[in-house]
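Good morning, and thank you for coming.

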Amino acid sequence: MTRVEEVHDASDGLAYRCGWIVSGEVGHWGHKHRRINQYDAIVKIRPVDGAWKMYDLDLIEEVRL
């Protein structure tokens with residue numbers, strides 16, 4: 001995670017605005033490309049059967065770096 005901020009829009013759990021960066025490889029046509037993407041989203045969690053579970057993710061932005 002590059003950023004986590006609590007937001008107040010989850011009525012039955014907790015909500016956080018999060019930022020993170022993912023790197024990986026995409027393969028097609030016999031070759032591979034390295035990709036790095038940056039994400040910004042609202043992640044919502046709530047208790048389910050005694051454990052906190054993510055139940056929603058609202059993607060705000062995805063940027064290829």
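I shall begin with the conventions, then turn to the fold and to selected side chains.

This is a predicted model, in which local features need pLDDT of at least 70 and side-chain atom pairs count only at pLDDT 80 or more, while totals for chains, interfaces and linings use all residues. Residues are numbered from 1 along each chain as its sequence is written, and side-chain values use heavy atoms, with hydrogens and water left out.

First, the fold. The protein has 4 strands and 0 helices, where strands are DSSP runs of E of at least two residues and helices are runs of H or I of at least four, numbered from the N terminus. Along the sequence, the pattern reads β-β-β-β.

As to dimensions, the C-alpha trace spans about 45 × 25 × 15 Å along its principal axes. The radius of gyration, taken over C-alpha atoms, is 15 Å, whereas a compact globule of 65 residues would have one near 11 Å; the globule rule is 2.2 Å times the number of residues to the power 0.38. Of the 65 residues, 18% are buried, that is, under 20% relative accessible area with a 1.4 Å probe and protein chains only; exposed means over 50%, and partly exposed lies in between.

Which rings form the aromatic pair? The structure holds 1 such pair. The rings of Trp-20 and Tyr-39 have centres 5.6 Å apart and planes at 20°, so the pair is stacked. Rings of Phe, Tyr and Trp (its six-membered ring) pair if their centres lie within 6.5 Å; planes under 30 degrees apart count as stacked, over 60 as edge-to-face and the rest as tilted. Trp-20 lies in strand S2 and Tyr-39 in strand S3 (residues 31-48), 19 residues apart, and the pair thus links distant parts of the chain. Trp-20 is buried because its relative accessible area is 18%, and Tyr-39 counts as buried at 19%.

Finally, His-33. This residue is in strand S3 and is partly exposed, with a relative accessible area of 27%. Leaving aside neighbours within four places in sequence, His-33 is in contact with Gly-24, Glu-25, Val-26 and His-28, contact meaning heavy atoms within 4.5 Å.
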